[in-house]
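Grab a viewer and work through these exercises with the model open. Each one sets a task and then walks through the solution.

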Amino acid sequence: MDTAASEPSRNSNLVNYALRGLSQCWLPEHGRWSHIYHLDGRQSPNESLPRSDVFYTLNVLLGMSRVREIPDGIAVSDIFRRNAIQLTTLPVAKYAYGMALWAAAELNLDVPPPVASALRALLSDEARWDTFRAQDLGMLLTGIVVQAKKGRVEWLPFLGPLYRLLMKRFTSESGLFFDAASGTRRRFASFATQTYLSIACYYYGEYADDPDAVTLATTCVQKLIALQGPQGEWPWFFDAVSGRVLDFYEVYSVHQYGMAPALLECAERHNVHGAQDAMVKGFKWVLGENQLGLSMLVPEIGLSIRSQIRKNELNTKAPRLLRAVKNAYLGRNSGLIDRSGVGLRLECRSYELGWILWSFGRRSDLPELSDNPAFRLQTTG
C-alpha cells in the first residue's frame with residue numbers, strides 16, 4: 001500500500017502522514033489493519049486480534065470516507081465487505097455493528113445482508129438494550145442517523161427508542177454521561193463515553209430537529225472543556241455523578257488528535273464557545289506541548305505513540321481502578337502527577353489513524369495543524 005504519488009497530493013500533510021502509518025499496520029494476508037503495531041523494536045511489530053482488527057478496520061474505513069485522495073491499492077468497498085461480514089462470526093462488541101452502519105452510509109455502501117439481519121435481531125430485542133454500554137449506544141445511534149440521512153429508512157423504527165434510552169438512563173445532572181444504564185460501573189465514565197454519546201446526541205438532534213438533544217451534547221462538551229488539563233490533556237476517567245476528574249491517565253494520543261476533534265467539529269457547528277481553541281490546544285499536546293516535552297509522533301513510519309501513562313501501571317489496570325473508586329467515594333479530584341512518574345505506552349493502533357482521517361480529511365481551515373512541518377514526508381538526499 002504505497003501512499004507516494006507522482007503529482008502533488010490533494011491531501012494535507014497530516015492525512016498523508018496517517019495514510020503512511022496505516023500502510024505499516026496493513027495485514028495483507030487478512031485484508032485488514034492490525035490490532036496493535038508495537039513500537040518497542042520487535043522483529044514482527046504487528047499484532048493481530050481478529051475481533052479487534054475487524055472493528056478497527058471499519059473505523060479506518062469511516063475515516064477513508066473523508067479522504068480526498070485514497071492511495072492506490074486500498075480497495076475500500078472490498079475491504080469493507082470482507083470485514084463487515086466477519087462481525088457475524090467473531091465475538092465483537094455491539095458497537096462494532098454501529099460502526100459498520102456509520103461507515104457503510106458514509107462510503108455509500110450496502111450493509112451485507114447477514115450483518116443487517118444480525119443487527120436487526122439485536123435491536124428488536126429491547127431486553128438486551130439494558131446491557132448496552134455508552135460506546136454501544138452511541139455508535140448504534142450515530143450509525144442509524146447517518147443511514148437515515150442517506151435515505152435508508154429500515155432502521156428508523158429504532159431511532160427514537162434508542163435516543164430515549166440515552167436520555168433517560170445515560171444522562172447525569174453533572175453534564176457528563178454515564179457509562180451504562182445501571183450497575184456499580186455506571187458512574188465511572190471514560191473520555192470515550194463522553195465522546196460517543198455527545199456525537200450521537202449532536203447527530204440525532206440535527207436529524208430530528210431536536211434542540212434538547214443538541215443541548216445535552218453541548219453541555220457535555222462545555223464540561224469537558226472546563227476539565228481539560230493545563231497543556232490540553234483530555235482526562236481519561238470521570239465521575240459522572242459529580243462531574244469530577246477521577247484520573248487523567250492514561251492520556252491517549254487518539255483523544256488529542258482524533259476523537260476530541262471529531263466531537264469538537266460538531267460543537268463548532270453549534271458555535272460552542274472555546275471549542276476550536278480546546279481542539280487546537282489538545283492537538284498540540286501530541287506535537288510536544290505536554291508533560292514530557294516530547295513529540296508523540298514516530299515520523300519515520302507515520303505512526304504515533306499511544307499514550308502517556310503512570311510508569312508503574314504499564315502492565316496493570318488495578319491501581320488505576322482502585323484510585324478511581326477511592327477518589328469517587330471520597331469526593332477527591334485528580335490531577336497530573338510529577339513528570340518523573342510518567343512513561344510511554346510504545347504502541348500504535350490503526351483506528352487511531354482512522355480518527356485522524358475522519359477529523360481532518362475535509363478540514364483546510366487549520367493549516368498550523370494539518371500542514372504542520374512535523375507531518376511532512378521525510379526524505380534523504
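**Exercise 1. Work out the strand order of the open sheet and how its strands pair.**

Step 1: the order is E5-E6-E7, three strands in an open sheet with antiparallel pairing. Strands here are DSSP runs of E with at least two residues, helices are runs of H or I with at least four, and both are numbered from the N terminus. Two strands count as paired if DSSP finds at least two bridges between them.

Step 2: the edges are E5 (188-190) and E7 (244-247), each pairing on one side only. Neighbouring strands are turned by 40° against each other on average, direction ignored. For angles, axes are lines fitted to C-alpha atoms (for helices, over the stretch in contact), and values run from 0 to 180 degrees between N-to-C directions.

Before going on, a word on the source: this is a predicted model, where local features need pLDDT of at least 70 and side-chain atom pairs count only at pLDDT 80 or more, while totals for chains, interfaces and linings use all residues. Residues are numbered from 1 along each chain as its sequence is written, and side-chain values use heavy atoms, leaving out hydrogens and water.

**Exercise 2. Trace the bridges of Phe238 on both sides.**

Step 1: E5 and E6 (residues 237-239) run antiparallel and are joined by three bridges. Within that pair, Phe238 is the bridge partner of Ala189.

Step 2: E6 and E7 also pair in the antiparallel sense, over three bridges. Here Phe238 stands opposite Val245.

Step 3: look at the link. E6 and E7 form a hairpin with four residues between them, and Gly243 in the turn has a positive phi of about 80°.

**Exercise 3. Find how H6 and H8 are arranged, and what their contact is made of.**

Step 1: the axes of H6 (residues 134-149) and H8 (residues 191-208) come within 8 Å and cross at roughly 30°. The two helices are therefore roughly parallel, the label for angles under 35 degrees.

Step 2: the crossing is left-handed, that is, the near helix is turned anticlockwise from the far one by less than a right angle.

Step 3: sort the contact residues. They divide into 14 nonpolar, four polar and one charged. Nonpolar covers Ala, Val, Leu, Ile, Met, Phe, Trp, Tyr, Cys and Pro; charged covers Asp, Glu, Lys and Arg; the others, Gly among them, are polar.

**Exercise 4. Is Val145 buried or exposed, and which residues does Val145 touch?**

Step 1: Val145 sits in H6. Its relative accessible area is 0%, so Val145 is buried (under 20%; exposed is over 50%, partly exposed in between, with a 1.4 Å probe and protein chains only).

Step 2: not counting residues up to four places away in sequence, Val145 touches Leu159, Tyr203, Tyr204 and Tyr207, with contact meaning heavy atoms within 4.5 Å.

Step 3: check one pair. Val145 and Tyr207 are 62 residues apart in sequence but 6.9 Å apart in space, C-alpha to C-alpha.

Terms used
Parallel < 35°, antiparallel > 145°, perpendicular 65-115°, else oblique.
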